[in-house]
Amino acid sequence: MLDITDLRVTIGGRDILGGVDLSLRQGQVHGLAGESGSGKTMTGLAVLGLLPHGARATGSIALEGRDLLGLRPKELNRVRGGEIAMVFQDPATSLHPMLSIGRQLTEHMRHHLGLGRSEARARAVELLAKVRIPGPEEAFGRYPHQFSGGMRQRIAIAIALACSPKVLIADEPTTALDVTVQA
Ligand SMILES: Nc1ncnc2c1ncn2[C@@H]1O[C@H](COP(=O)(O)OP(=O)(O)O)[C@@H](O)[C@H]1O
Ligand SMILES: [Mg+2]
């Protein structure tokens, strides 16, 4: 499904990743373990083409044989969120503060799946229920600040799952949450 070969990332001449090799098969859950600062997050961001400004990535990241490092921004936009999605570590920064969560869920699905407004809304409400947001119909029109940190992270998970991506990258998605929500 996903083949990462000799992925190297430098930022301002500093080596951030020094040759990562990793293969994911369909249906497989793959864990990355490493101390803080070892490059787990950068590996995920490289796959999505979301490395910080000034970063240089070499090697190859092939999704079903297609090298993502060679894609133009527009092509990468189609892959990102549609074929590969990521749940980020910090639920406070992964949602847009000024858009309702319904809009953040549906824009994504309309863009990638070509759903109409009402279909997208129905699927969004279904996803909110799936991640156990109470009163999903009402929650649809609310804004991120109206939810707790744990709910925001579950909403971010719903967004990541919305387009049934082939690859889901979860970057310590529960570390910022208290233990009852983690469970
Ligand atoms: N925006 C950035 N600019 C430059 N270096 C960064 C940036 N973010 C992280 N780094 C560096 O990249 C390295 C890998 O970080 P990261 O992937 O976040 O590690 P992990 O997720 O394993 O804790 C670290 O040395 C970190 O200091
Ligand atoms: Mg990290």
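Reader: Let's start with α1. Which of its residues are buried?
Author: This is a predicted model, to begin with. In α1 the buried residues are T43, G44, L45, A46, V47 and L48.

Reader: What covers the buried residues of α1?
Author: The cover includes the strands β1, β2, β3, β5 and β6, along with the helix α2.

Reader: And just after α1, what does G49 do?
Author: G49 takes a positive phi there, about 70 degrees.

Reader: Back to the inside. Which residues touch the most other members of the largest nonpolar core?
Author: That core has 22 residues, and L2, I4, L7, V47, I61, L68 and I84 touch the most other members. The elements giving two or more residues to this core are β1 (2-11), β2 (14-24), α1 (40-48), β3 (55-63), α2 (73-79), β5 (84-87) and β6 (167-170).

Reader: Take I4. What is I4 in contact with, leaving aside neighbours within four places in sequence?
Author: I4 is in contact with V20, D21, L22, T43, V47, S60 and I61. Of these, V47 and I61 are also named with I4 among the core residues that touch the most other members.

Reader: What other core lies apart from that one?
Author: There is another core of 21 residues, and L95, I133, A156 and I159 are among them.

Reader: Changing topic, the ligand. Which residues are around ligand 1?
Author: I11, R14, I16, E35, S36, G37, S38, G39, K40, T41, M42 and P52. They divide into 4 nonpolar, 5 polar and 3 charged.

Reader: Which element gives the largest share of that shell?
Author: The helix α1 does, with 3 residues.

Reader: Which polar atoms of the protein lie by the oxygen atoms of ligand 1?
Author: For S38, a polar backbone atom is 3.3 Å from an oxygen atom of ligand 1. For K40, a polar backbone atom is 2.8 Å from an oxygen atom of the ligand. T41 uses its side chain: an N or O atom there is 2.8 Å from a ligand oxygen atom.

Reader: How much of ligand 1 does the protein bury?
Author: Taken alone, ligand 1 exposes 560 Å², and the protein buries 65% of that.

Reader: Now H108. Where does H108 lie, and is it buried or exposed?
Author: H108 lies in helix α3, residues 101-113. Its relative accessibility is 18%, so H108 counts as buried, the cut-off for buried being under 20%.

Reader: What does the side chain of H108 have within reach of a polar atom?
Author: The backbone oxygen of I159 lies 3.2 Å from a polar atom of the H108 side chain. Leaving aside neighbours within four places in sequence, H108 is in contact with G81, I159, A162 and C163. I159 is also one of the residues in the core of 21.

Reader: Is R132 buried or exposed?
Author: R132 is exposed, at a relative accessible area of 69%.

Reader: And S164, what is its phi, and where is S164 found?
Author: Phi of S164 is near 45 degrees, also a positive value in a residue other than glycine. S164 is found in the loop between α6 (149-161) and β6. With a relative accessible area of 53%, S164 is exposed.

Conventions:
Residues are numbered from 1 along each chain as its sequence is written. Chains are lettered from A and ligands numbered from 1 in the order in which they are written. This is a predicted model: local features need pLDDT of at least 70, side-chain atom pairs count only at pLDDT 80 or more; totals for chains, interfaces and linings use all residues. Side-chain values use heavy atoms; hydrogens and water are left out. A nonpolar core is a set of buried Ala, Val, Leu, Ile, Met, Phe, Trp, Tyr and Cys residues joined through side-chain atoms within 4.5 Å. Buried means under 20% relative accessible area, exposed over 50%, partly exposed in between (1.4 Å probe, protein chains only). Helices (H or I, at least four residues) and strands (E, at least two) are DSSP runs, numbered from the N terminus. Contact means heavy atoms within 4.5 Å. A residue is near a molecule or strand if one of its heavy atoms lies within 4 Å of it. A polar contact is a pair of N or O atoms within 3.5 Å; within protein, one must be able to donate a hydrogen and the other to accept it, and residues adjacent in sequence count only if both atoms are side-chain atoms. Accessible areas come from the Shrake-Rupley method with a 1.4 Å probe; for residues, only the protein chains shown count as cover. Ala, Val, Leu, Ile, Met, Phe, Trp, Tyr, Cys and Pro count as nonpolar, Asp, Glu, Lys and Arg as charged, and the others, Gly among them, as polar.
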